[in-house]
Amino acid sequence: MLRLIKGLIKADTVPDERENAPEGMLITGTAGLVAGTQVATETGWRPVETLCTGDRLLSFDNGVQPITDLQREHLGAVAAGHPVAALQAVKVPVAALGNDAPFWLMPDQGVLLESDKALEILGDPFALVPARALVGVNGIRLDAPGGGVSVTTLAFARDEAIYTAGGPLLYCPRPRTVIGEEEGNDMSFFSVQTLQSARYLVRSLVEARGARGLCAAPEEIDWQLPPLPGVRPLAS
């Protein structure tokens with residue numbers, strides 16, 4: 001099916017970007033949540049850098065789920081193994097997605113989209129795209145976030161998508177073993193797209209619903225969370 005999409009699209013190519021394999025979001029080292037990202041916990045919005053194992057986050061379709069594993073590293077350390085891609089992150093300026101403040105996404109961080117076009121082509125309305133596929137939408141671009149920025153990788157008992165304040169649903173895959181999954185024990189249920197097909201889905205969704213269509217609907221979140229000082233509800 002992805003071959004069909006690629007046959008229909010001639011997406012622009014960003015210099016120095018590679019076409020990621022579907023598993024690229026899990027293994028490239030350029031995924032994770034950048035410090036300052038506010039995530040929805042059972043007690044309200046919290047910066048990702050303040051989270052610990054055992055903290056409970058609001059997931060997209062499994063209610064409140066505890067963090068089972070957490071790792072932090074600095075962008076400089078990540079860049080050592082990925083000298084080109086990891087030196088930059090995806091900068092989302094104010095109002096690009098209806099957000100009140102700018103924020104950053106790692107280039108290969110998975111973003112969960114709900115799209116009629118995905119349903120039409122893939123048979124599933126939900127698809128995972130790398131954050132770099134958002135580049136070009138309302139001024140979203142690759143840029144250098146500066147040194148000393150930490151990146152947090154969260155894991156749960158199963159694959160989850162979590163809510164971010166003013167931003168999209170972000171994918172947190174459960175840890176995989178090196179030798180693979182036991183038969184019948186694969187709990188991955190999101191369709192992961194290559195960069196080219198991801199750009200097509202992003203463009204189609206923005207054309208149909210505007211840039212806010214790339215984010216969770218505010219009503220999905222607001223009623224479930226107590227407000228925290230300094231964090232305004234998402235604009236509708």
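The following questions and answers concern a predicted model.

Q: Which strands stand at the edges of the open sheet of five strands?
A: The open sheet has mixed pairing and the order β13-β14-β9-β10-β15. An edge strand has a single partner, so one side of it is left without a neighbour in the sheet. The strands in this position are β13 (160–162) and β15 (191–192).

Q: What is the bridge partner of I162 in β14?
A: Strand β13 pairs with β14 (residues 169–172) in the antiparallel sense, over three bridges. Within β14, the residue bridged to I162 is L170.

Q: Is Q109 buried or exposed?
A: Q109 is placed in the loop between β8 (103–105) and β9 (110–114). A polar atom of its side chain lies 2.8 Å from the backbone oxygen of Y171. The relative accessible area of Q109 is 2%, and buried means under 20%. Q109 is therefore buried.

Q: Which element supplies the largest share of the largest nonpolar core?
A: This core has 33 residues, and L97, L154 and I162 have the most contacts inside it. At least two residues come from each of β7 (89–92), β8, β9, β14 and α5. The largest share, four residues, comes from α5.

Q: At about what angle to β10 does helix α5 run?
A: Helix α5 comprises residues 195–209 and lies across β9 and β10 (126–130). Relative to β10, the helix runs at about 115 degrees.

Q: How many residues does the second, separate core have?
A: Among the members of this second core are A40, L112, L128 and I221. The core is separate, and its number of residues is 13.

How values were computed: Residues are numbered from 1 along each chain as its sequence is written. This is a predicted model: local features need pLDDT of at least 70, side-chain atom pairs count only at pLDDT 80 or more; totals for chains, interfaces and linings use all residues. Side-chain values use heavy atoms; hydrogens and water are left out. Buried means under 20% relative accessible area, exposed over 50%, partly exposed in between (1.4 Å probe, protein chains only). A polar contact is a pair of N or O atoms within 3.5 Å; within protein, one must be able to donate a hydrogen and the other to accept it, and residues adjacent in sequence count only if both atoms are side-chain atoms. Two strands pair if DSSP finds at least two bridges between them. Contact means heavy atoms within 4.5 Å. Axes are lines fitted to C-alpha atoms, for helices over the stretch in contact, and angles run from 0 to 180 degrees between N-to-C directions. A nonpolar core is a set of buried Ala, Val, Leu, Ile, Met, Phe, Trp, Tyr and Cys residues joined through side-chain atoms within 4.5 Å.
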